[in-house]
Amino acid sequence: MLANLLTTLRLLLIVPLVWVLAGAAGPDWLLLMIVVAAIASDYFDGKIARSRGTASARGMLFDHGSDFLFVSAGLFAAASIHALTVLLPLLIVFAFSQYVLDSYFLFRQKQLRMNFLGRWNGVFYFSPLLLIALARLFGDPVWLGELIYWLAIALCLSTVASIIDRSLAPRKLAG
């Protein structure tokens, strides 16, 4: 129950994230608080579910789906203000769709089937949002903008690698 409440918090933070990130309203520190709250909720929801014995395939889908919606909405908002390339959120949408579809339909599992690279991508997809929030808080230093740019490029490359790896997985199992 508590784990699902934390996951729900991430969903509720999507609209304020996009609103503040796109510059419609809110002080710079609010963006940082939203991103930190989302990261904390993502960190603790799974730990709480496992420690209480309430972890389930449905809960995992809810958690990963909430992560996907939060980061992709935030990264699309970031792309709309030219803080990073729109290619990153587009690739995330494709990769998450592939993740869900091949887990449930191709491999006919009753839960999501993670891979190593996809798992770490999911963790690092929050980082451009965190860096954008920090950049705003500290007056948008050029070096932080450069770091965000190169991080987005690296995440695009690792997402493409994950998509390719997931595409090749059925062949690896068959051969």
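1. The core. The largest nonpolar core of this predicted model has 40 residues. Leu31, Phe70, Leu84, Leu88 and Leu129 are the residues with the most contacts inside this core. Two or more residues each are given to the core by H2, helix H3 (28-51), helix H4 (57-80), helix H5 (87-106), H7 and helix H8 (142-174). H4 supplies the largest share, 8 residues.

2. Leu88 in the core. Leu88 is one of the residues with the most contacts inside the core. Residues up to four places away in sequence aside, Leu88 touches Leu75, Tyr125, Pro128, Ala152, Leu155, Cys156 and Thr159.

3. H3 against H4. Two packed helices are described by the angle between their axes and the distance between the axes. For H3 and H4, the angle is about 165° and the axes are 11 Å apart. Angles over 145 degrees count as roughly antiparallel, and H3 and H4 are therefore roughly antiparallel to each other. The crossing of H3 with H4 is left-handed.

4. Residues between H3 and H4. On the H3 side, the contact is made by Ile34, Val35, Ala38, Asp42 and Asp45. On the H4 side, Asp63, Asp67 and Phe70 take part. Sorted by class, this contact of H3 with H4 has 4 nonpolar, no polar and 4 charged residues. Phe70 also belongs to the residues with the most contacts inside the largest nonpolar core.

5. H2 against H7. Helix H2 (residues 14-21) packs on helix H7 (residues 127-137) at an angle of about 45°, and their axes lie 12 Å apart. At that angle, H2 and H7 are therefore oblique to each other. H2 and H7 cross in a left-handed sense. Leu17, Val20 and Leu21 of H2 meet Leu129, Ile132 and Arg136 of H7 in this contact. The class count for the contact of H2 with H7 is 5 nonpolar, no polar and 1 charged residues.

6. How far H7 is covered. How many of the 11 residues of H7 are buried? The number is 8, and H7 is mostly covered.

7. After H7. Gly139 follows H7 and has a positive phi, near 80°. Asp140 is in the loop between H7 and H8. The phi of Asp140 is near 50°, which is a positive value in a residue other than glycine.

8. The loop between H4 and H5. His82 is placed in this loop. Its phi is positive, near 65°, and His82 is a residue other than glycine. With 74% relative accessibility, His82 counts as exposed.

9. Arg166. Leaving out residues up to four places away in sequence, Arg166 touches Gln98, Tyr99, Asp102, Ser103, Arg113, Met114 and Asn115. From Arg166 to Ala83 there are 83 residues in sequence and 29 Å in space, C-alpha to C-alpha.

10. Ser158 and Gly145. Both Ser158 and Gly145 lie in helix H8. Ser158 counts as buried at 17% relative accessibility, whereas Gly145 is partly exposed, with a relative accessible area of 37%. Apart from neighbours within four places in sequence, Ser158 is in contact with Leu117 and Asn121. Gly145 is 10 residues from Ala135 in sequence, and the two are 7.3 Å apart in space, C-alpha to C-alpha.

Conventions:
Residues are numbered from 1 along each chain as its sequence is written. This is a predicted model: local features need pLDDT of at least 70, side-chain atom pairs count only at pLDDT 80 or more; totals for chains, interfaces and linings use all residues. Side-chain values use heavy atoms; hydrogens and water are left out. Axes are lines fitted to C-alpha atoms, for helices over the stretch in contact, and angles run from 0 to 180 degrees between N-to-C directions. Helices (H or I, at least four residues) and strands (E, at least two) are DSSP runs, numbered from the N terminus. Angles under 35 degrees count as roughly parallel, over 145 as roughly antiparallel, 65 to 115 as roughly perpendicular and the rest as oblique. A crossing is left-handed if the near helix is turned anticlockwise from the far one by less than a right angle, and right-handed if clockwise. Contact means heavy atoms within 4.5 Å. Ala, Val, Leu, Ile, Met, Phe, Trp, Tyr, Cys and Pro count as nonpolar, Asp, Glu, Lys and Arg as charged, and the others, Gly among them, as polar. A nonpolar core is a set of buried Ala, Val, Leu, Ile, Met, Phe, Trp, Tyr and Cys residues joined through side-chain atoms within 4.5 Å. Buried means under 20% relative accessible area, exposed over 50%, partly exposed in between (1.4 Å probe, protein chains only).
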